[in-house]
Amino acid sequence: MNNTKKDREFVQRRITRLVMLLLALMGVVVFRYAWLQLVQGSELAERMRYQVGHDYSVQSPRGAIVDRNGRELAVSTMTKSLFVDPNHVENPAQLAKDLAPLVGKSEEDILEDIAVGGGFSWVKRRLEQSEYEAIRVLIREKNYAVCLGFRDEAKRYYPNDVLAANVLGFVGTDDKGLDGIEQALDKFIKGEVTESFIYADTRERPILESIFTPRGYQGDRCKTIQLTIDSAIQFIVEQELDRAMAENDPVAITCIAMDPRTGEILAMANRPSYNPNRFWDYDQEVWKNRSVSYIYEPGSTFKAVVAGALLQEGIVAPNQPFDDPGFVMFSGKKIQNWNGASFGYVTFADVVKQSLNTGFAIFGYELGAEKLISYARLFGFGEPTGIELPGEEAGILYNPDEMVDSDIATMAIGQSIAVTPLQLITAFCAIANDGILLKPHIVKTIKNANGSTYSETHVEEVRRTIDSATDKTLVGLLEQVVAAGGGGKASVRGYRVAGKTGTAQKVSEYGWGYDEGKYIASFCGFAPVENPQIALLVMIDEPYGIFYGGQIAAPVASRIFSQVFRYLRIEPSDAPLGIDSDELGAEIGEGDASIQGLPRREIPKETEPKVEEPKEQLAPEVARVPNFYGKSIRESARLANEAGITFAAEGSGFAVSQSIGAGELVDKGTSVKVYFSP
């Protein structure tokens, strides 16, 4: 009994001691925990933050740019960028040797990156997928995780390469738009960068609560830009510019296609151009969009505006007679016709049709400096159009109070004024649009990330330039230029085309006088006359050899018109092509009694030197080349087979260009090479 009691007491003492020991130990733990949390907590947290914490930037992709039909012109994808932590590089030389062949940099460049010091230095940004995979293998094999890492960044791609490059622009390394739409609308489409702090291990894998931090944020503010550009029309234009570059070897060519009913730009192209995916490989001059940033003397194309002013002011009528002296003198300056000869007794309709400098100089002088400048401003010259593109020039107009007689006369023939290509075609669109000037636009809509519409561009009337009746008369005169005058090579069989050619001397780069032997050849017009749906400007800068607008710019316009008519399914005109100038006067109520009995000199149909061209000799069996643009390889092969030609494909994806232009006639069996891109 006593032994049992003693045993129980012994056990209780042991338990008591154990409990006391545990309580003591717990007290030590609590005290230590309190000491670490309350006394040293801030210091330790800061130490851990420094050792395993990372400031992490999450970037969302840049908003897309698409054409009017939704076809992608510029897109962004998330890529990996490689950085090095110089503080943890044990053997810089070996790291540089291992890394150099994988990133396409020299060992010296990588050593310079490491020599920056600190905990972060970029090695290469926006890696290709193959580069990323190769570097991952290297990190795993050589245990470089302590000094090499990746960051997510958006990379911009232009799936159509050169197509519309000068309109789109490009993006720099920090997702900043540097030209074109990318620059102008950067605030809308720029990707978002969200800064966050995470705890990670040496391989940058999140630990602790950071495993719940989202790292794939896609952004909700970057927007999609839908342009008015039609990529199919853009392709047609650029294909013809490439052909014109090969045929005429000019310094540059600019072309704009526009809807005169809405002011929307359907195509805008320059040659030479560049590939925005590799913009750094090109000279900076090629980046410029000459459509808005280049100013030049328009030459005879400006006579369309002067003719409108003369008709509006009642100074002339289409059948008003004019005795052409062959040349005139103003302020000691001689102004003569293109051939240096007199055309004798003609009408004002003939003055326009044959682009007689003498007639425009005399009638323009009668109009006067004040009204000449006033009408130029009415048609939009002398100020930017306000289009959504950077770098637009205002052009140059005289102060009418400072103009001498020769300034008035030369401005009437398209000199002593500087315009941009966009200003000129906008003015022609006003003529095509019943005399109403519209503001040009190249942005159709801006869409939010959720698909809703942020903003939408509507037709914006600026002002009326000339009366509707006057405008109809002017359109008839311009139609005669193409039907029976110097713009004949811009005509398209079955369609009524109106326009004006121009051959302007090029102003010296030193700003005084003209460069000998340097010209700008151009054509500006619209069609179909009865319901204008497309206006077109072709400007060829310093062509080699033949330099007349009617000979080299008008044919380019004709080929573009023809293909666009087919693409837009515009039916041929019902009215017969070409109206005699006398019939024109009768049609608008202007009788020709005033010119009865006056001798008339036979006027040549071409206002510019006629170049004999060999007649096209067609093979017994010919085929028309299809338009492969946007088609898959299978569809292209089917089209080629149906057309009776052979087909060679290069690349994969969808067709972006072809070796022979769409619509051209070739011998059956001819091989056409078609280039495809994803």
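## Ground rules and helix 1

Helices (H or I, at least four residues) and strands (E, at least two) are DSSP runs, numbered from the N terminus. By that count, Val11 lies in helix 1, residues 2-39. This is a predicted model, where local features need pLDDT of at least 70 and side-chain atom pairs count only at pLDDT 80 or more, while totals for chains, interfaces and linings use all residues. Residues are numbered from 1 along each chain as its sequence is written, and side-chain values use heavy atoms, with hydrogens and water left out.

Val11 is partly exposed, at 43% relative accessible area; buried means under 20%, exposed over 50%, and partly exposed in between (1.4 Å probe, protein chains only).

## Strand 10 and its partner

Let's turn to strand 10, residues 321-324, where the side chains alternate. Strand 10 runs antiparallel to strand 13 (residues 344-347), and four bridges join them; two strands pair if DSSP finds at least two bridges between them. Opposite Asp323 stands Tyr345 of strand 13.

## Around Arg290

Arg290 belongs to helix 11, residues 290-293. With a relative accessibility of 16%, Arg290 counts as buried. Its contacts (heavy atoms within 4.5 Å), leaving aside residues up to four places away in sequence, are Ala252, Thr254, Asn270, Pro421, Met539 and Asp541.

With Asp541, the side chain of Arg290 also makes a polar contact of 2.9 Å. Such a contact is a pair of N or O atoms within 3.5 Å; within protein, one must be able to donate a hydrogen and the other to accept it, and residues adjacent in sequence count only if both atoms are side-chain atoms.

## Loops and backbone angles

Pro384 sits in the loop between helix 15 (369-378) and helix 16 (405-412), and is partly exposed at 43% relative accessibility. Pro384 and Thr420 are 36 residues apart in sequence, with 9.0 Å from C-alpha to C-alpha. Not counting residues up to four places away in sequence, Pro384 touches Glu392, Glu393, Ala394 and Gln423.

For backbone checks, here are some places to look. Cis peptide bonds join Arg271 to Pro272, with omega about 5°, and Ala527 to Pro528, with omega about -15°. Ser331, in the loop between strand 11 (327-330) and strand 12 (333-336), is not a glycine but has a positive phi near 50°. Glu542, also not a glycine, has a positive phi of about 55° and lies in the loop between strand 20 and helix 19 (549-568).
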